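Let's walk through this model together, beginning with the overall fold and then turning to the charged side chains.

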Amino acid sequence: MRFVCLCYYNHAQFAAWTPADLEEVGRICAPRDAELRATGRLILNSSLGEPQTARTLRAEKDGEARVTDGPYAEIGESLGAMFVIEAEDLDDAVRIARIHPSSVLGRYIGGGI
């Protein structure tokens, strides 16, 4: 069974990153990304754009799609990445997702998976 895992982050924490934080996050992420790939269960892994670059398409009554900025929500967390894994069940999916760097980056970006 495939599972889509969504990674969230806190805007304020992300905006406050220093060059040292960026270096530390890179040091943390690289081996965890390699370990996740080595499981053979990773189908897709991708970062997502900043919230202010998002657009929403909504169907209109005439059948055309209207494009608007957003979506915007009054929350402190945004969707920053996603990955798809193959797992036997939900417990296996959680075990695999714990390998992803987002599961341990709370100190730097808040959020989680």
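**From fold to salt bridges**

The protein chain holds 4 helices and 5 strands. Starting at the N terminus, they follow the order β-α-α-β-β-β-β-α-α. Keep in mind that this is a predicted model. Its pLDDT averages 90 over the protein chain, and 96% of the residues score at least 70. Confidence is highest in helix α3 (residues 90-97), with a mean of 98, and lowest in helix α1 (residues 11-15), with a mean of 84.

Next, consider the overall build. Along the principal axes, the C-alpha atoms occupy a box of roughly 50 × 40 × 20 Å. Of the 113 residues in the protein chain, 28% are buried. Among contacts with a separation of 6 or more, 75% are between residues 24 or more positions apart. Carbon and sulfur atoms contribute 54% of the accessible surface, which totals about 7,500 Å².

Now for the charges. Side chains of opposite charge can pair when their charged atoms come close. Across the whole structure there are 7 salt bridges.

One of them joins R2 to E86, at 3.1 Å from N to O. This pair ties strand β1 (residues 2-10) to strand β5 (residues 77-86), bridging 84 residues. R2 is exposed at 55% relative accessible area, while E86 is partly exposed at 29%.

Another salt bridge pairs E88 with R41, whose closest N and O atoms are 3.7 Å apart. E88 is exposed, with a relative accessible area of 62%.

Finally, E60 and R66 form a salt bridge at 2.6 Å, N to O. Elsewhere, salt bridges with shared partners connect R41, E88, D92 and R95 in one network.

Technical notes
Residues are numbered from 1 along each chain as its sequence is written. This is a predicted model: local features need pLDDT of at least 70, side-chain atom pairs count only at pLDDT 80 or more; totals for chains, interfaces and linings use all residues. Side-chain values use heavy atoms; hydrogens and water are left out. pLDDT is the predictor's confidence in each residue, from 0 to 100. Helices (H or I, at least four residues) and strands (E, at least two) are DSSP runs, numbered from the N terminus. Buried means under 20% relative accessible area, exposed over 50%, partly exposed in between (1.4 Å probe, protein chains only). Contact means heavy atoms within 4.5 Å. Accessible areas come from the Shrake-Rupley method with a 1.4 Å probe; for residues, only the protein chains shown count as cover. A salt bridge is a side-chain nitrogen of Lys or Arg within 4 Å of a carboxyl oxygen of Asp or Glu.
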